Amino acid sequence: MSVFPRPALAGLPGDRTTAREIASSAATTASAVLVLFALLAPDDLGGLTPEAFVRLPVEALLGVAVVLMLRDGARRIVAVSAGALLGLLTVLKAIDIGFGLTLNRRFNPVFDWGVLGNGVDLLGTSIGRAGALASFAGLTLVAVVVIVLMALAVLRLSRVVAGRRTASTRVTAVLSVLWMVCAVSGAQLAPGQPFASRSAVAFAYEDLREVRAGIRDREAFAEEIAVDAFRDSPASGLLNALRGKDVLFTFVESYGRVAVQDSDIAPKVDAVLDAGTARLKNAGYGSRSAFLTSPTTSAGSWLAHSTFQSGVWVDSQHRYDDFVKTDRFTLGGAFKRAGWETVGVVPAHTEDWPEGKVYGYDRYYDSRTIGYHGPPFSYATMPDQFTLSAFQRAERAGDRPPLMAEIDLVTSHWPWTPLPRLVDWNAIGDGSIYNPMPSQGKTPDEVFTDPAKVRGAYGDSIAYSLNSLISYVETYGDDDLVLVFLGDHQPNPIVAGAGADHDVPITVVTRDEAVLDKIAGWNWQDGLNPDRNAPVWRMDAFRDRFLTTFAR
């Protein structure tokens, strides 16, 4: 046996200590970066700039002050709770960014959760229902992870602060003075980015204000919807100037002002409308156009439909949910009381729609009952021309009483590609003629790589929908047809631009000069294409003006 001792692994214990210190420092640094990111990150994509993160958040200074005042047990509870809350605020900021990009508004943390479900359904049209549910589950998991990590990060930072009380107190005092000086002086590193930040507090306050406003609004809406000058109108006092007419209210998905004015899209759509005006005039039809201000933008078609039909402003999901529980007198109900057969055509619906009874339809067609056996076109379950053709065959052929119908056209729904082509009306049949068309068009992945291509696809889809309507009137119109077509809302900000108004075109088409004379007092413009001087009404004003104008 050797008399010399075995060499020691000198330095290994020290190396282990150093590694632990490095790991601890890295974890603390990561925690600090995560918390600062959460405190300083904006809730809109435009504010996501480097300057936004070179600021001093007052929430961090207040957090350190609170930690220094608490004992260990209370400190841990407060740190975990504050961290979880900060994580939740971070998730809500991310949702706000998504809402801003798609709906051009903030997310309401109480009333808007149902909209997320609609988003899953929309995503399912592109990647399938299973893929959409998997994506939603993945995002939910990410949200939970963010909340947990933020709670752990704040807990770790609180331990660091509590372990270095003297240094933490001195640094916090100096930074607090700096924050106050910058706040008073208004110091900014970039426009709209004050160095003395309080954005997290402001964001939380805005969310609380949104919730409180929503709760108060429900009470105000209940009072508003209870007042209805037409609720008790007898049949003899309704729509007498339209007796014997088929009146079709047709919504063109996402047909907004941007389609006809001040955009690179407008020349293409204007050409369709101007040519359509001439075509219909040659066929004996007159037309008048204006704008309505929709209660929604980018999405939420059902808000526009209910506002238009009910004469009350339905601009949120909670207002819609409350509306469908009432017996509000709608346009459909008015026509039904006055003796018309009433029909709803909603090809986008793939499931039961029990709340639709509020519109007073005698018959209702959705994607399952309209008889379509062709392919879908992304979100659109069927081409608009098929929808109009199927409606014509089912409801306007042969001897029958006058009809009132709301028809929703969906070809121009996001993502606007691939598109069908117009075909001979006699060749439409059950829709099988459309089978080869989706594969012949561009996919959303091809189009959405370039904003200019997106706008072009949107313009093409609007042109298709309008040409379908114009051709329908030419083919199936008669002296007793009154067509009212309008948009439901502007397209999303990718097309309409940030801060676009909520205006949508509306047009009345008929051969009957007496009908056009009735609306002469509306001062709407001649033709299918309203210009910037056309009248603008709020959409909820239409029902009362329409019922008043055509009462006798």
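This report covers a pocket, salt bridges, a strand and aromatic rings in a predicted model.

## Ground rules

Residues are numbered from 1 along each chain as its sequence is written, and side-chain values use heavy atoms, with hydrogens and water left out. The model is predicted, so local features need pLDDT of at least 70, side-chain atom pairs count only at pLDDT 80 or more, and totals for chains, interfaces and linings use all residues.

Helices (H or I, at least four residues) and strands (E, at least two) are DSSP runs, numbered from the N terminus. Buried means under 20% relative accessible area, exposed means over 50%, and partly exposed lies in between (1.4 Å probe, protein chains only).

## The second largest pocket

The second largest pocket holds about 1200 Å³ of space. On a 1 Å grid over the protein atoms alone, a pocket is an open set of points with protein on both sides within 12 Å along at least five of seven lines; a cavity is a set where a 1.4 Å probe fits but cannot get out. Grid points are joined across faces, edges and corners, and the volume is the space filled by probe spheres set on the points.

The lining of this pocket has 41 residues; a lining residue has an atom within 4 Å of a point. Nearest the centre lie Val 35, Leu 39, Glu 59, Ala 60 and Gly 63. Elements that give two or more residues to the lining are helix 1 (12-40), strand 1 (56-57), helix 2 (58-69), helix 3 (72-102), helix 5 (129-163), helix 6 (165-185) and helix 7 (199-226). Helix 3 gives the most, with ten residues. By type, the lining has 32 nonpolar residues, six polar and three charged. Here Ala, Val, Leu, Ile, Met, Phe, Trp, Tyr, Cys and Pro count as nonpolar, Asp, Glu, Lys and Arg as charged, and the others, Gly among them, as polar.

## Salt bridges

The whole structure has 29 salt bridges. Each is a side-chain nitrogen of Lys or Arg within 4 Å of a carboxyl oxygen of Asp or Glu. One of them joins Asp 72 and Arg 75 at 3.4 Å, N to O. Asp 72 and Arg 75 sit about one helical turn apart, because they are three residues apart in helix 3. Asp 72 is partly exposed at 43% relative accessibility, whereas Arg 75 is buried at 5%.

Which parts of the chain does the pair Asp 501 and Arg 257 link? The salt bridge itself spans 3.3 Å, N to O. Asp 501 lies in the loop between helix 16 (493-496) and strand 11 (503-510), and Arg 257 in the loop between strand 5 (246-252) and helix 8 (266-282). These distant parts are 244 residues apart. Asp 501 is partly exposed at 32%; Arg 257 is buried at 12%.

Another salt bridge joins Asp 315 and Arg 319 at 3.9 Å, N to O. Salt bridges that share partners bring Asp 217, Glu 224, Asp 315 and Arg 319 into one network. Asp 315 is partly exposed, with a relative accessible area of 33%. Arg 319 is buried, at 6%.

## Strand 10

Is strand 10 (residues 481-487) mostly covered or mostly open? Seven of its seven residues are buried, so the strand counts as mostly covered. In a regular strand the side chains alternate between the two faces of the sheet. Leu 481, Leu 483, Phe 485 and Gly 487 are buried on one side of strand 10, and Val 482, Val 484 and Leu 486 on the other.

Strands pair if DSSP finds at least two bridges between them. Strand 10 pairs with strand 5 in the parallel sense over seven bridges. There, Asp 246 stands opposite Leu 481. Strand 10 also pairs with strand 11, in the antiparallel sense, over five bridges. Thr 507 in strand 11 is the bridge partner of Phe 485.

## Aromatic rings

The structure has 30 aromatic pairs. Rings of Phe, Tyr and Trp (its six-membered ring) pair if their centres lie within 6.5 Å; planes under 30 degrees apart count as stacked, over 60 as edge-to-face and the rest as tilted. Phe 323 and Tyr 359 form a tilted pair, 6.0 Å centre to centre with 55° between the planes. Phe 323 lies in helix 10 (residues 317-323) and Tyr 359 in the loop between strand 7 (341-346) and strand 8 (363-366), so the pair ties together parts 36 residues apart in sequence. Phe 323 is buried at 0% relative accessible area, and Tyr 359 is buried at 2%.

Phe 546 and Phe 550 form another tilted pair, with 4.9 Å between centres and 50° between planes. Phe 546 is buried at 3% and Phe 550 at 2%. Both belong to one aromatic cluster, whose members include Phe 249, Phe 251, Trp 340 and Trp 537.
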